[in-house]
Amino acid sequence: MALRDLLNSVFYHKRAVGIVAGVVLLLGVLAAIVLPPSYRAEAQLLPLSAGVYDMQTANGGPLPSQVLDPAAVANVEMQLLTSLEIHRAVVRKQLGPQASAADVDTALNRFDSHLHVTKVPDANVIELSYTAGDPKVAADALRALLSEYFRSRANVLTSGRVGYLVGQRDKVKAQLDAANAQIATYQQENDVVDVAAQIAGAVTLDDTLRQRKLETDAAIADGRQSLAALQSSVRSVAPQVELYSDNTEAARAIGEMQASIITLQSKRADLASRYMKDAPIVVQVDKQIAGLQASITRQKATLAITRRTGRNQFFDTAQDRIAQARAAVAGAGARRSTLDGQLASSNARLKSLVAIADTVGRLRLQRDVLADTFKTLSTQVEQARVQLNQASGEGGANVRVIEAPTEPSKRSNPPLLLIAGALVAAILLAGVTLLVVTSMRDTFLTPPEVERALDLPVLSAPLGTLAPGVAQREYRKLIAAVDAAGGGGSRTILLLAPHSRMSLQNAALGLGEALNHRAPGQVVLVRFAEDVPVLADGAELEIEVYKGIATAVIGIGRDVSPRLDGGALADLKARYAYVVVTAPPTTLSFEGIELSHTADHVLLVLEAEATRRPVAKDLLSQVLDAGGPVIGAVLLGRRHYIPQWLYGLLLERGSLGKRPSAAEDLAARTRRPFDVPASEGPREPATTLYGRFLQRLQLGAAVRGLRAE
């Protein structure tokens, strides 16, 4: 919602909003004047989780269901402070022993209504306040309450504490003796004296055995690796080796033949450089070389070599070392088997000692807890005797007085505070009232409301009944929209209103005057009416002039559907550029809806503060369903609700246009529909049908206006 719409709603409903705000503000002022002065004395207490609350610890620490956090301690103290017995004791002291039970009950109710006990949020602090008409009475009431509170809480919280603690201490002492006996019996049954030392010896023995086992495994792996290497190296060694061999003669003969081959090859290379490859002398040398090579081959096959063999010493030495390695591996394997058995026995003993140590440790822990609990309870027994004498004082271990009660110097209900609260409440209730009445209002006040509700542009929204010059300016946007949407030729403009004949004719007359000023003599106002006879076929339509504008009245029959594209209207469209047509209100007759689909342009005529949104939406829906070309709406009877000074201060600084002056606004709001501005001259006699019809409408509107006033 825009600021202008909000201000329009505020000033439109200013009577209801003003009444609500004024009544609330008046009630606040009366309350500030009538209410007697009130003074509030205050005090603050700090409860602590110490002292008597230690009785919850039984075995050296509180059980989960018995833990009291600071918030719980504060709640306990608040329950004591709000106890009716304490309040009754305070009231009895104030009234004296001669007070009756009825007087005590009355005073008790008054005391409870003036006393307030609260806990400060996010802090473990208790606030007490007492309100009274006399500051001394308020402070004395809080002092008496605190004194009775400390006396009563001492009786409640320390009653039987010493006996309870002594009984708990004796129970813990018996449990401690039983725990010591259980530890001694268990150690004897398992032949254990110093479990930690025995476990340390077992761990040392286990480490030694594991180290020896690792060394044995390493020796076995080393022996097996050495054995495999020896076997691999001996596998390719023969037991017998060649000691001597002689092939000197064969080698000399072969050497001589190889020397001959080298000589022939040198000769062939020399001949090949001088002769062809297939020359006879080259071929002969090749044959000699081949023959020598064949002789060398045969000589090698028949070569006789003298050899001598003997025993291989490396093979014998390797066999000895293999036997030694096998013996070493077998011995290490036997040692590892023995170590495995010893390790298993050591592990079993170590696990047994660990289990025994766990059990002994758990028993000793329980004994230690019982011993600590016994010491704590013994200390608490002595402290309880001291706390029994200290709990009744204000400086006890549980509750500390942060702020003592004092006589207040200022009222708790100052008049300005009440008036300010009434002002805030008046503003809030006025806003709620404005929201309610605005949501209940279903009429239009401003053009933006029409555009939002109907999704149609408001092409004209004249302020009241305007002078001709002002009317021409107000209908200028409407004429521009008609010219832009109509194309060429004559244009038929149909005006439809839901229920008001007067607003329909005012809009038609205002539009006709504006069009006549733009195109003199080219405008005709046509009214479809049920109170005149139907025009016969072939008859000529009677044209009358009213205020310089051509007017015509066409009768509507029950059996004849009206149209704008034939008959007499076709002749009017041929003679005039603008044909402004009005039909009876749509709530009284359906002829306007039937005419809509044959018109060039359709305008909805709405009345500010009169036409309801559902009626306007229903009219628009009917026209659109009938195929009418709706181009916009005309809003009549609009008023300015915002004062001139506020409008100029807040709105005219923006781009909202210029507002009419105060004189124009006043004249528009006070002018009757039948008034004629002085600039128009004397009124023309209502001699035409259109003039007499307007006169009847104006007289009816005047009568209704006088009745409303």
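**View 1. Strands β1 and β3 side by side.** In this predicted model, strand β1 (residues 39-47) and strand β3 (residues 126-132) run antiparallel and are joined by seven bridges. Strands here are DSSP E runs of at least two residues, helices are H or I runs of at least four, and both are numbered from the N terminus; two strands pair if DSSP finds at least two bridges between them. Look for L45, which stands opposite I126 in β3.

**View 2. The whole sheet.** Four strands form an open sheet in the order β2-β3-β1-β6, with antiparallel pairing. At the edges stand β2 (115-119) and β6 (399-403), each with a single partner strand, so one side of each has no neighbour in the sheet. From one strand to the next, the twist averages 25°. Angles run from 0 to 180 degrees between N-to-C directions, with axes fitted to C-alpha atoms, for helices over the stretch in contact.

**View 3. Helices on the sheet.** Helix α3 (residues 70-81) packs on the sheet and touches β1, β2, β3 and β6, its direction making about 170° with that of β2. Contact means heavy atoms within 4.5 Å. Helix α5 also packs on the sheet, touching β2 and β3, at about 40° to the direction of β2.

**View 4. The buried face of α5.** V104, A107, L108 and F111 are the buried residues of α5, where buried means under 20% relative accessible area (1.4 Å probe, protein chains only). Down the helix axis they fall within an arc of 110°, so they line one face; the arc is taken from the directions from the axis to the C-beta atoms.

**Notes.** Residues are numbered from 1 along each chain as its sequence is written. In this predicted model, local features need pLDDT of at least 70, side-chain atom pairs count only at pLDDT 80 or more, and totals for chains, interfaces and linings use all residues, while side-chain values use heavy atoms, leaving out hydrogens and water.

Notes
Buried means under 20% relative accessible area, exposed over 50%, partly exposed in between (1.4 Å probe, protein chains only).
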